[in-house]
Amino acid sequence: MGTTSFGKGLVQTVFPLEGGWALKLTTAKWYTPSGRSIQKEQKWHPSVTSDEQPQTPLQPDLPDSVEQDSVKKNRPAYKSDAGRVVYGGGGITPDLIVSEDTITSAEQPFAKTIAPKFPLVNSVISDYALQLKGTVHPDFKVTPEWRDTLYQRLTKAGVTVDRKEYDAASRLVDQMLGQKVATIAFGDSTAFRRGIPEDVQLDRAIELLKKGQTQKDLFALAQVQRKQ
């Protein structure tokens with residue numbers, strides 16, 4: 001369950017060259033025992049099509065993470081040893097689609113504002129998290145004072161954010177700062193556990209696991225819920 005995987009099914013081999021250079025060449029594809037390849041064959045297309053404008057670099061046709069049944073059934077079908085129908089040529093499609101949590105409409109203006117300067121924003125957050133490292137316990141909470149200080153640091157670094165937009169996105173700001181502090185102070189495992197209460201995909205998986213005692217039960221539950 002979750003969303004369709006990226007569709008990586010290639011094998012690359014690196015050939016060292018003189019002068020410290022190297023050539024990475026695709027040399028094989030991975031296949032399952034049934035002969036299925038999950039590799040997403042990317043279709044490259046110009047991002048500007050007008051003859052009056054110069055061509056810009058080609059853009060990849062990326063996989064659809066919430067692929068619908070109508071699209072999925074256009075892909076080659078295979079069967080698992082147990083007889084389940086699975087599809088090739090576009091990543092691994094879950095039995096039950098569960099999208100990741102998204103930001104709220106109130107948080108979107110803030111996210112759009114910082115997007116062009118995200119490397120700088122990330123650097124400011126990292127520097128502040130490093131300063132907070134020795135002052136926190138694993139179960140810490142982001143305080144309003146931390147949020148105010150981060151806003152001041154962003155402004156000083158040249159990241160202009162409307163204060164009302166910033167305050168409206170306090171939940172998102174707390175997530176960003178909290179995860180960075182947890183990672184720097186206690187490592188990836190603590191940061192991962194910190195995000196579990198907000199992981200809608202994990203919550204849905206636990207909900208199903210409580211209802212199904214066997215693999216067969218889980219497949220049946222997923223089939224029923226997919227039709228709802």
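Biologist: Why is Gly 89 called partly exposed?

Modeller: Its relative accessible area is 32%; buried means under 20% and exposed over 50%, with partly exposed in between (1.4 Å probe, protein chains only), so Gly 89 is partly exposed. This is a predicted model, in which local features need pLDDT of at least 70, side-chain atom pairs count only at pLDDT 80 or more, and totals for chains, interfaces and linings use all residues. Residues are numbered from 1 along each chain as its sequence is written, and side-chain values use heavy atoms, with hydrogens and water left out.

Biologist: Where does Gly 89 lie, and which residues does Gly 89 touch?

Modeller: Gly 89 is in the loop between strand S6 (85-87) and helix H2 (108-114); helices (H or I, at least four residues) and strands (E, at least two) are DSSP runs, numbered from the N terminus. Not counting residues up to four places away in sequence, Gly 89 has contacts, meaning heavy atoms within 4.5 Å, with residues including Ser 37, Glu 41 and Arg 75. The C-alpha atoms of Gly 89 and Gly 7 are separated by 7.6 Å, although 82 residues apart along the chain.

Biologist: What makes Ser 126 buried?

Modeller: Ser 126, in helix H3 (residues 118-132), has a relative accessible area of 19%, which is under 20%, and is therefore buried. Ser 126 touches Lys 180 and Ile 184, not counting residues up to four places away in sequence.

Biologist: How do you know that S1 and S2 pair?

Modeller: Pairing requires that DSSP finds at least two bridges between two strands. Seven bridges join S1 (residues 10-16) to S2 (residues 22-29), so these antiparallel strands pair. Phe 15 stands opposite Leu 23 in S2.
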